[in-house]
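Here's a walk through the model you're about to see, one piece at a time. Keep the structure open and turn it as you read.

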Amino acid sequence: MNNTLFGGCRVLDLTDEKGLLCGKVLGDFGADVIKIEKLGGDPARYIGPFHKDIPDPEKSLFWFATNTSKRGITLNIEVPDGRDLFLKLVASADIVAESFEPGYMDAIGLGYAELKQTKPGVIMTSITPFGQSGPYAGYGATDLVATSMGGLSRILGDLGRPPVRMGSVPQAYFHAGLQGALGSAMAFYHRELTGVGQHVDVSMQEAMTLTLMNTIEIFEMLNANLVGLGQFFVSVRPGQSPLFTRTIVPCKDGYITVMFGGGAFSGVAESSKALVKWANEEGMALELKDFDFATQWDASTLTQEESDRRNAIIGQFFMTKTKAELYEKAVERGILLAPCNTMEDLTKNEQLRARGFWESVEHPELGETIVYPGAPLKMQETPWQIQRRAPRIGEHNEEIFLGDLGLNLQQMTVLKANGVI
Amino acid sequence: MTRKIFEGLHVVDFSWAAAGPQVPRELAEHGATVIHVESHKRLCPLRTFAPFKDAQPGIDRSAFHAEYNTNKLSMSIDLNQAKAQEVARRLVAWADVVAESMTPGTMGKMGLDYESCRKVNPAVIYFSTTQQGQYGPHRMFQGVGHHINALAGFSSCTGWPDSDPTMIFTAYSDFIAPWYTLIAIIGALLRRGKTGQGMYIEQAQFEAGVTFMATDILDFAVNGRSVGRHGNRDRYMAPHGIFPCRGSDRWIAITVANDDQWQDFCAAIGNPSWTADSKFSTILTRKGNEDELERFVSEWTRGYTAEQAMTIMQDFGVPAGVVQTAEDLLNDPQLKHRQHFITLDHPEIGPHSYHAPAYRLSETPHEMKSPGPCLGQHNELVYKEILGFSEDEIADMIAEGVITTAYDAPFKPGW
């Protein structure tokens, strides 16, 4: 791929669900990514949801989402013939991505030292729950465990109930994969300039800690451990009780997020004024008509009762409008308000449509074109694109083993019969 | 000493708040020279965000700002003045990469948009990042991260099925978008090396965030299902949850992926009689009796500290982990082993912890040398040594207010 950022970069992808996004990201930016699966297919093919809810290794939507722009082969890298074929591929590769338990690649004779002997300058990217060494290096983790150990679950959830996971899309796997792609890109750049390859060691836990914004600083400066506050925003006030402001509020057909207040909150005062003006035009929230949000709303002295009372007044107005009606006017009038979009709402979002965000991907075997999330950024000169749908099991075996590696049909049949391919 | 990856790379950083500045920051931690272009007249919002040293707000007292601007040089300049815009274009001519995150149109008004920058530096790599992008009907929407959390679907999919969507404290897409941008910039630098051409990279943080909802989006596209809130439950695993431990507000995450792991789990808790009940012997029966299952698991976890429960589970091969607070993270032995938190000494804030990247490079380690700078801290270096202005010229620019020196209004914290 000439017209892409990473054309000419070949990636061998041995990862499981924890690291699949790494190869997808590099592939969508143009790299030639070969997904190497176990015989019979990668276990991640059994992660749901599934196409039409039919559990089938060729119908996992998780697999579809995390393997675009890859070709796929099956190969048993634990047996000598498979290991040799893998090393032949390594000789043509720039990056080898893997997410096995630390030490596994060394144990099967494919550690970084061996890879480097085959291909000086090769980059190995290892994506694991906690990193290659250290007291927890041998620990296993699923998404929930990694989001918990990385601190994100702790700051989510309703007051008085257990902490919660972020959504149901495995965020820790996605973050680890994206960080793997970034570390790989850094190492690839260095290799292109100097010829020196290196081992990139990614920790899923560490990737999650990078989503915490200023949580660590709040602890160090204020000695406070943040916890999930449900639908509320809290203003910490020296010398008095904290003020809770509900920022996720119900409307006619769902929920919106809104910042209602004033005083020191920059931009919020003007937004609240514009919101009250709109409500007033429809005969509501009249009590707040002449309220000066910039000077009269002082979060440092406001009582909880008074704050709740004012929020209840505007809350009544929200109940008369749908999410879409509220957001449309918010954009028009500069009100800081947005809908809590469901997946259905998201697909109707005007901005995403106007920008051509969605990508259609052909799935001929399913007789369908499926709409995927598109580019994380836009570039005119080297457009981001999904090069192909996720590979089927062993889809490119012939192309790669016969074409790239120069096996003949008979050799390939022998290897198949012996459980290598 | 090994060469740093981006040694010799010059970056001019006009970006603000959280998503933009992290990109130059990561380049700076790998050797690039990054100049953060700031003004006393319009503060970078992070300088106005808590937490502040000793809870006393001030332009150089936000630990939030310090964290996200490590290794950068700060210069102060009033870009509303024509002469200042000339100075900024001299910086652009010096730069390999230009970063900005202003409201769409702002850079153009100052003659600092991509097209203008290309005239003084044809090979410049220029990236713009905003919440909703440079074009489209909602491009001017002035929300903060919480609005994007709601728009992208994170809020409505997080929380309990019997409760409302969750207010997500962090500006979550700000911690997704920068990593994509960095990959694109690296690719653009490689391309420039081969072709001599620069390029423009345009990002909507909203879109970058939506890519992390991919499977739920496909579920809707294919199955018409709008995934709602499920607490901590998983469609295909049980138990899969966060359970109370000994102590106050202490929790552990435990996940059992399959029937083999269920046997490991039962062994880990000493095979109490309830585990033999056929109600729990298969994934289907466990899913069918999940409320009761979770009560039994909680009974066991309450007897242990979160750390003890994690060790027991992991020793039996069951994925489990403490639900860690900020304080836990700072004391976490694994993060200590990886030297995740680095202490840097900020001139106003003093020493505190800064996050390292999530990857370790064996040959070219990152280096965190200095905390986010005080506003205008490196004026002398930038104006004199990099831009080559004389003492007299600098004095004139201070007198004219081109170089800003003081924040004159009463300081207003943003949060």
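Take the contacts within chain B whose two residues sit at least 6 apart in sequence: 69% of them join residues at least 24 apart. One thing to keep in mind from here on is that this is a predicted model. Chain B has 415 residues, and 57% of them count as buried. Its C-alpha trace spans about 85 × 45 × 45 Å along the principal axes, and it holds 18 helices and twelve strands.

How does chain B divide into domains? The assignment gives domain 1 as 10–212 + 338–400 and domain 2 as 240–327. Taken over C-alpha atoms, the centres of domain 1 and domain 2 of chain B are separated by 43 Å.

Now look for the open sheet of six strands in chain B. Its strands pair in parallel, in the order 3-2-1-4-5-6. Strand 3 (73–76) and strand 6 (199–204) of chain B are the edges, each pairing on one side only. Going from one strand to the next, the twist averages 20°. Helix 8 of chain B packs on this sheet, where it touches strand 4 (97–100), strand 5 and strand 6 of chain B, and its direction makes about 165° with that of strand 5 of chain B. As for strand 5 (residues 125–130) of chain B, six bridges hold it in parallel pairing with strand 6 of chain B. If you want one pair to find on screen, go to Thr129(B), which stands opposite Gln203(B) in strand 6 of chain B.

Strand 10 and strand 11 of chain B form it, with three residues between them. Strand 10 (residues 341–346) and strand 11 (residues 350–355) of chain B run antiparallel and are joined by six bridges. Within that pairing, Ile342(B) stands opposite Tyr354(B) of strand 11 of chain B. As a reminder, strands of a sheet pair through backbone hydrogen bonds, either parallel or antiparallel.

Strand 10 (residues 254–258) of chain A runs antiparallel to strand 11 of chain A, with three bridges between the two. One bridge to look for sets Thr257(A) against its partner Ala338(A) in strand 11 of chain A.

Next, bring both chains into view. How many residues does each chain put into the contact? Chain A puts in 126 residues and chain B 122 residues. On the chain B side, helix 8 (residues 177–195) of chain B gives the most, with twelve residues. The residues of that side divide into 64 nonpolar, 43 polar and 15 charged. Strands pair across the two chains as well: strand 6 (residues 199–203) of chain A and strand 12 (residues 359–361) of chain B are antiparallel, over three bridges. There, Val200(A) has Leu361(B) as its bridge partner in strand 12 of chain B.

What about the nonpolar core? In soluble globular proteins, nonpolar side chains tend to be buried together. The largest nonpolar core has 251 residues, and those that touch the most other members are Leu26(A), Val96(A), Ile256(A), Ile183(B), Ile185(B) and Ile252(B). Helix 7 (residues 171–194) of chain A gives the most to this core, with twelve residues. Leaving aside residues up to four places away in sequence, Leu26(A) touches residues including Phe6(A), Val11(A), Val33(A) and Ala181(A).

Last stop: Glu365(A), in the loop between strand 12 (359–363) and strand 13 (368–372) of chain A. Is Glu365(A) buried or exposed? Glu365(A) counts as exposed because it has 10 C-beta neighbours inside 10 Å, and the cut-off for exposed is 12 or fewer. Glu365(A) is 307 residues from Glu58(A) in sequence, yet C-alpha to C-alpha the two are 9.5 Å apart in space.

Technical notes:
Residues are numbered from 1 along each chain as its sequence is written. Chains are lettered from A and ligands numbered from 1 in the order in which they are written. This is a predicted model: local features need pLDDT of at least 70, side-chain atom pairs count only at pLDDT 80 or more; totals for chains, interfaces and linings use all residues. Two residues are in contact if their C-beta atoms, placed from the backbone, lie within 7 Å. Helices (H or I, at least four residues) and strands (E, at least two) are DSSP runs, numbered from the N terminus. Ala, Val, Leu, Ile, Met, Phe, Trp, Tyr, Cys and Pro count as nonpolar, Asp, Glu, Lys and Arg as charged, and the others, Gly among them, as polar. Two strands pair if DSSP finds at least two bridges between them. Axes are lines fitted to C-alpha atoms, for helices over the stretch in contact, and angles run from 0 to 180 degrees between N-to-C directions. A residue is buried if 20 or more other C-beta atoms lie within 10 Å of its own, exposed if 12 or fewer, and partly exposed in between; C-beta atoms are placed from the backbone. A nonpolar core is a set of buried Ala, Val, Leu, Ile, Met, Phe, Trp, Tyr and Cys residues joined through C-beta atoms within 7 Å. Domain bounds come from an automatic or database domain assignment.
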